Amino acid sequence: MFGSFAYDNPTRLHFGEDSLNALAGELASCGPVVQLVYGGGSIRKNGIYDQVCAVLKAAGKTIVDDAGVMPNPTIDRVLEGVARAREAKADLLLAVGGGSCCDYAKAVAASVHLAEDPWDFYFERCRPVPADMPVLPVGCVVTMAGTGSEMNGTSVITNPAMRAKKNCKFGPRVFPKFAILNPAFTLTLPDWQMRAGIFDTFNHIGEAYFSGTDDSVSDYISEGLMRSVIHAGRVAVKNPQDYEARSNLMWAATWALNTLIGLGKAGDWNVHGMGRVLGAHTNATHGMTLSAVAMPYYRRVLPHGLARFRRYATAVWDVAPEGSDMDIALEGLARMEAWMREIGVVLSVRGIGVTEEPAELESLVSDMTAAVAGIRGGYLHLERADIEAILQESLAAE
């Protein structure tokens with residue numbers, strides 16, 4: 001392990017089929033007004049909303065509905081949530097949903113008492129949460145596995161007017177205080193979102209893994225997590241109602257991005273940098289924006305991180321260690337691509353609505369180049385020519 005670090009993760013997790021029973025105990029330490037954050041209404045149809053509200057009412061809480069959070073939450077929607085929280089004098093933001101709801105709740109929590117514009121302060125200037133400013137507590141009831149947002153202090157928000165999608169690492173003060181993870185709550189998730197979540201989790205692990213050259217404990221943990229996601233992903237795609245597979249996917253998603261496997265690592269995050277730009281331009285599902293560029297990116301950087309890609313092939317994909325390092329590494333990526341096809345994720349940007357229209361491609365290349373300009377943790381610093389080649393290879397993929 002290289003480098004020095006401190007580890008602080010204040011989120012308390014409750015996992016399993018009876019995990020919602022822990023919500024009452026968590027509510028005991030918060031005030032009377034709970035702002036209930038959720039998306040398009042699926043939790044009303046599948047009964048999760050009623051279950052959560054029953055616990056809130058039994059605890060004597062006043063419920064302030066904050067419905068309609070979109071899959072890629074916008075800064076305008078965050079400002080609406082801030083206004084609602086201020087008017088209601090909310091004591092807790094309870095996000096019931098996937099990563100978008102959790103990200104939104106964290107952005108609102110960090111902005112309720114902020115005097116400045118949140119987009120400029122946090123997402124443009126990357127300023128830290130003021131130490132002397134109160135932050136509303138956040139809790140999460142997770143209904144989609146993939147983002148890991150329930151156990152970190154990061155939020156990704158879109159600014160449609162600027163065609164920008166940016167993240168802010170708020171830090172431990174904005175970590176959810178608690179998270180309820182009941183795998184059964186994910187069983188009604190639409191198939192497309194489940195598949196996207198599987199790859200989102202896998203890529204979160206890869207962003208930490210494909211960096212550095214030392215013998216890192218984090219990498220051994222990452223390899224085990226990736227093998228679990230590969231196996232559980234296959235099972236879940238064949239039988240989405242397989243509780244064991246869905247529970248493993250949910251647990252892996254949390255550990256993929258709760259900061260643990262990033263310790264002692266520089267981190268890559270080029271795939272996410274490009275994926276966020278694609279999301280801002282197309283409003284596509286996040287996991288699919290990542291899968292659309294992952295394979296062309298990894299093939300391009302493989303020669304610069306050959307030893308790591310060889311290890312990846314043997315440790316994660318069980319490639320026999322005979323032959324040249326390049327052949328072994330390439331076989332690992334071939335097996336990864338075959339798995340991606342097996343679980344049904346997008347392998348071309350065409351699948352998320354990108355065309356070969358010159359102005360659109362020029363805009364994407366420019367924005368992607370800017371998005372990855374500051375990234376130095378991977379094996380190759382991407383220049384404009386690299387981005388152009390990655391996009392063209394993705395466009396040509398089937």
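Q: Which residues does Ser394 touch, not counting residues up to four places away in sequence?

A: Contact means heavy atoms within 4.5 Å. By that criterion, Ser394 touches Ala292, Pro296, Leu347, Ser348 and Val349, with residues up to four places away in sequence not counted. This is a predicted model, in which local features need pLDDT of at least 70 and side-chain atom pairs count only at pLDDT 80 or more, while totals for chains, interfaces and linings use all residues. Residues are numbered from 1 along each chain as its sequence is written, and side-chain values use heavy atoms, with hydrogens and water left out.

Q: Where does Ser394 lie, and is Ser394 buried or exposed?

A: Helices (H or I, at least four residues) and strands (E, at least two) are DSSP runs, numbered from the N terminus. Ser394 lies in helix α15, residues 384-396. Buried means under 20% relative accessible area, exposed over 50%, and partly exposed in between, with a 1.4 Å probe and protein chains only. Ser394 is buried, because its relative accessible area is 0%.

Q: Which residues of α9 are buried, and what covers them?

A: The buried residues of α9 include Ala245, Leu249, Met250 and Ala256. Their cover includes strands β1 (12-15), β5 (138-142) and β8 (178-181), together with helices α7 (191-209) and α8 (217-238).

Q: Which residue caps the N-terminal end of α9?

A: A polar contact is a pair of N or O atoms within 3.5 Å; within protein, one must be able to donate a hydrogen and the other to accept it, and residues adjacent in sequence count only if both atoms are side-chain atoms. Asp242 is the cap, with a side-chain oxygen 3.2 Å from the backbone nitrogen of Glu244.

Q: How many aromatic pairs does the structure hold?

A: Rings of Phe, Tyr and Trp (its six-membered ring) pair if their centres lie within 6.5 Å; planes under 30 degrees apart count as stacked, over 60 as edge-to-face and the rest as tilted. The structure holds 19 such pairs. Tyr209 and Phe210 form an edge-to-face pair, because their planes meet at 85°, with ring centres 5.2 Å apart. Tyr209 also pairs with Tyr312 in a tilted arrangement, 6.0 Å centre to centre with 50° between the planes. That pair links distant parts of the chain, Tyr209 in helix α7 and Tyr312 in helix α12 (residues 306-317), 103 residues apart. Tyr312 is buried at 0% relative accessibility.

Q: Which charged end sits over the ring of Tyr209?

A: A charge sits over a ring if NZ of Lys or CZ of Arg is within 6 Å of the ring centre and within 35 degrees of the ring normal. Over Tyr209 it is the charged end of Arg308, 4.7 Å from the ring centre. Elsewhere, Arg44 lies over the face of Tyr49, at 3.9 Å from the ring centre.
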